[in-house]
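Trainee: I have a new model open. Can you walk me through reading it, one feature at a time?

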Amino acid sequence: MLLELLLPQRCIVCGRGGRQLCAPCRDELPRILPPLCARCGAPTAWPVERCRECAGRRLAFATARAAVGYDDAARRLVHAWKEHGLRRLAGVAAQLVVESLPPPEVEVLTFVPSDRGRRLERGHNPAERLALELATLWELPCLQLLDRTRGGRQRGSSAAERRTVRGAFRATGAAPRTVAVIDDVYTTGATAAAVASALRAAGARRVEAIAFARALRRG
């Protein structure tokens, strides 16, 4: 945080001086707009209940939504925020989420926990920071309701990611009836499904997944 205050501010996307994310680059981030899959939030040609990304999958979350597509600009923003310590970008991401998505009708927000090694490397949990920012903007409580039982870096195919995160989370105690789980990026939905499953097992009746960015399939 001290380096953020001392170093000259430059846009992490285009390199212009002034802000960590300049107004033109912010405006060009690809918003995810309807029509969408009602379940997983993937953009679709017309509204559908389940799309080809989530059809046939057992998903414990009721809905998943994200603010922007995970293009090169969004990837640079997330990388700078997660790996380069520019933690104030979590506030920028939260504001974009609030502009793009309605407040979830839930009792509490929670977040996807980091594995211990990654948290020590970064000095923070990006998903937790985003959740805290959103809790302030949406005037909702934010609680840690999940622990990670084992590590796992989500790389590779959808099937590989599902194997990596299956059983990797557990609830810290009884879960509220309605919860929104916050993460920085939604890729295949495997993490969202795994954390939602853990919360459902702890008593949650409805779990919504919310992310800043979402990987979009081509074609």
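Mentor: Start with a term: a polar contact is a pair of N or O atoms within 3.5 Å; within protein, one must be able to donate a hydrogen and the other to accept it, and residues adjacent in sequence count only if both atoms are side-chain atoms. Helices (H or I, at least four residues) and strands (E, at least two) are DSSP runs, numbered from the N terminus. Now the ground rules. This is a predicted model, where local features need pLDDT of at least 70, side-chain atom pairs count only at pLDDT 80 or more, and totals for chains, interfaces and linings use all residues. Residues are numbered from 1 along each chain as its sequence is written, and side-chain values use heavy atoms, with hydrogens and water left out.

Trainee: At the start of helix 6, which backbone nitrogen does a side-chain oxygen of Asn125 reach?

Mentor: That of Ala127, to within 3.1 Å. Just after the helix, Glu139 has a positive phi of about 55°.

Trainee: What span should helix 6 have?

Mentor: The expected span is 1.5 Å times one less than the number of residues. Helix 6 covers residues 126-138, 13 residues, so it should span 18 Å; its end C-alpha atoms are 18 Å apart, which agrees.

Trainee: Which residues of helix 6 are buried?

Mentor: Buried means under 20% relative accessible area, exposed over 50%, partly exposed in between (1.4 Å probe, protein chains only). In helix 6, the buried set is Pro126, Ala127, Leu130, Ala131, Leu134, Ala135 and Trp138. An α-helix has 3.6 residues a turn, so residues three or four places apart point the same way.

Trainee: Which residues are buried in helix 4?

Mentor: Leu89, Ala90, Ala93, Ala94, Leu96 and Val97. They cover an arc of only 160° around the axis, so they lie on the same side of helix 4 (the arc is that of the directions from the helix axis to the C-beta atoms). Their cover includes helix 2 (23-28), strand 1, helix 3 (72-83), helix 6 and strand 6.

Trainee: Now the sheet. What is the strand order?

Mentor: Strands of a sheet pair through backbone hydrogen bonds, either parallel or antiparallel. Two strands pair if DSSP finds at least two bridges between them. Here an open sheet of 4 strands runs in the order 1-6-5-2, with parallel pairing. Strand 1 (63-69) and strand 2 (108-111) are the edges; each has a single partner strand, so one side of each lacks a neighbour in the sheet. Neighbouring strands are turned by 25° against each other on average, direction ignored.

Trainee: How many bridges join strand 1 to strand 6?

Mentor: There are 6, and strand 6 is residues 206-214. Ala66 stands opposite Ala211, and Gly69 has Arg214 as its bridge partner. Strand 5 and strand 6 share 8 bridges, with Thr178 opposite Arg206. Strand 6 is mostly covered: 8 of its 9 residues are buried.

Trainee: Is Ile182 buried or exposed?

Mentor: Ile182 is in strand 5 (residues 178-186). At 0% relative accessibility, Ile182 counts as buried. Contact means heavy atoms within 4.5 Å. Leaving out residues up to four places away in sequence, Ile182 touches several residues, among them Phe111, Leu130, Leu134 and Ile210.

Notes
Axes fitted to C-alpha atoms, helices over the stretch in contact; angles between N-to-C directions.
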